[in-house]
Amino acid sequence: MNEEMANGQDQWVSYVARVRDAQDQHAFAELFRHFAPRVKYFLMRSGADAGLAEECAQEVMATLWHKAHLFDPTRASVATWIFTIARNRRIDALRKERRAEPEELPWGPEEAAPQDHVLALQEEAAALGDALRKLPEKQRVLIERAYFGDLSHSEIAEETGLPLGTIKSRIRLALDRLRHAMK
Amino acid sequence: MTMTQTISHHLTDSLLMGYAAGNLPEAFSLVVATHISMCDECRARAATFDTVGGAMLETSDAVAMEEGSLEATMARISAALPVARGNGSTTQPGQMQGQHQRRARGILPAPLQDYVGGDLDQINWRPVGMGVRQALLPTSRSASVRLLYIPAGASVPDHGHRGLELTLVLQGAFMDGDMRFGPGDIEIATEELEHTPIAAQGADCICLAATDAPLRFRALMPRLAQPFLRI
């Protein structure tokens with residue numbers, strides 16, 4: 001089950017690599033078909049009208065093409081990476097604000113990412129997605145509302161029904177991975 | 001800025017989730033990004049909250065893109081290419097990564113330097129009395145953020161006290177009751193919490209403080225002078 005989903009994640013990783021290495025339009029079309037409509041939905045849920053959401057979703061996918069060389073599969077799944085691009089576009093286009101980004105880590109001179117690191121991260125992302133999918137509908141909707149802009153920060157803070165336990169159990173893994181990567 | 005293993009006061013899950021979701025006021029995002037720059041643990045936790053966002057995107061509904069959308073996007077890509085790749089750039093993909101590593105030179109972490117327009121020596125300090133200085137940083141109005149310079153042993157001035165208040169130590173330390181907040185530590189205070197931070201003896205303290213209380217346009221009154229009044 002997890003393996004199957006990790007394979008799915010792996011496939012997106014290889015498509016991004018093909019866009020990066022060979023400007024492969026077929027691989028890009030696959031990514032576009034899957035992710036662009038989801039980005040559009042995300043933006044409309046966040047208050048954009050259909051026209052603006054369409055335009056921003058196109059921009060997000062164009063950013064994927066241009067920044068494919070910056071995607072690091074040891075640090076994020078493709079879905080997570082696209083989510084962060086879409087989120088930043090939303091803050092910029094809808095809220096007209098800047099978003100402060102953390103300082104980058106002093107990663108060592110990295111050769112090609114070790115395949116087991118890629119696999120570990122992609123499996124972890126798949127497992128988290130799986131755990132979220134299995135949540136009771138009510139809890140899942142709450143998290144979705146938090147991420148899709150329906151809940152303000154103070155509402156998130158007050159919201160006792162958020163099933164953060166699911167997330168917390170993944171944090172230990174993320175910490176271990178970060179420490180490992182920094183060695 | 002070097003990583004420290006001694007940070008003991010961290011961001012809450014709700015702040016990290018709000019940051020990952022992109023729902024925090026800009027002023028809070030700056031404090032969160034600055035803390036993450038100093039704290040590996042919160043960096044890893046933040047990455048996990050981003051992963052939740054990715055999983056939500058993956059499993060969410062979809063809205064059909066318009067007819068010809070892919071072609072329009074390819075046209076967008078071609079049009080932007082000369083800009084994106086730059087002519088005369090000889091960088092290889094591997095090197096680009098290094099180039100994009102935004103590392104601060106100096107004392108202040110990179111996200112803070114972006115707002116200050118430089119390092120500590122570029123801060124436009126204004127005196128607010130009792131040796132305390134402040135510098136308001138430009139953000140959207142939904143919350144405000146300022147740098148505070150508090151002489152060793154002096155009281156941290158009242159900077160809001162309503163709504164949510166985040167105070168991140170950049171240099172020196174302050175005490176709040178029994179608790180000590182050193183470099184990288186963040187104090188998260190809500191309206192209910194009665195707190196009276198005082199800069200520790202020995203070194204002057206520099207903090208980054210954000211609040212979503214309405215911005216008040218009068219001089220800050222050091223709490224030292226008004227020990228019993230909440231102003």
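Helix α4 (78-95) of chain A packs against helix α3 (residues 40-59) of chain B at an angle of about 95 degrees, and their axes are 7 Å apart. Two packed helices are described by the angle between their axes and the distance between the axes. Here, axes are lines fitted to C-alpha atoms, for helices over the stretch in contact, and angles run from 0 to 180 degrees between N-to-C directions. The angle makes α4(A) roughly perpendicular to α3(B), a term for angles of 65 to 115 degrees. Helices (H or I, at least four residues) and strands (E, at least two) are DSSP runs, numbered from the N terminus.

This is a predicted model, in which local features need pLDDT of at least 70, side-chain atom pairs count only at pLDDT 80 or more, and totals for chains, interfaces and linings use all residues. Residues are numbered from 1 along each chain as its sequence is written, while chains are lettered from A and ligands numbered from 1 in the order in which they are written.

Ala, Val, Leu, Ile, Met, Phe, Trp, Tyr, Cys and Pro count as nonpolar, Asp, Glu, Lys and Arg as charged, and the others, Gly among them, as polar.

The whole contact between the chains takes 61 residues from chain A and 61 residues from chain B. On the side of chain A that touches chain B, the largest share, 10 residues, comes from α2(A). That side divides into 35 nonpolar, 11 polar and 15 charged residues.

Chain A itself has eight helices and zero strands. Of its 183 residues, 40% are buried, meaning that 20 or more other C-beta atoms lie within 10 Å of a residue's own, with C-beta atoms placed from the backbone.

Chain B also contains an open sheet of three strands, in the order β6-β5-β8, with antiparallel pairing. Strands β6 (179-181) and β8 (198-199) of chain B stand at the edges, each with a single partner strand, so one side of each has no neighbour in the sheet. Strand β5 (residues 174-176) of chain B pairs with β6(B) over three bridges; two strands pair if DSSP finds at least two bridges between them. B:Asp176 is opposite B:Met179 in β6(B).

How values were computed:
Buried ≥ 20, exposed ≤ 12 C-beta atoms within 10 Å, placed from the backbone. Contact = placed C-beta atoms within 7 Å. Parallel < 35°, antiparallel > 145°, perpendicular 65-115°, else oblique.
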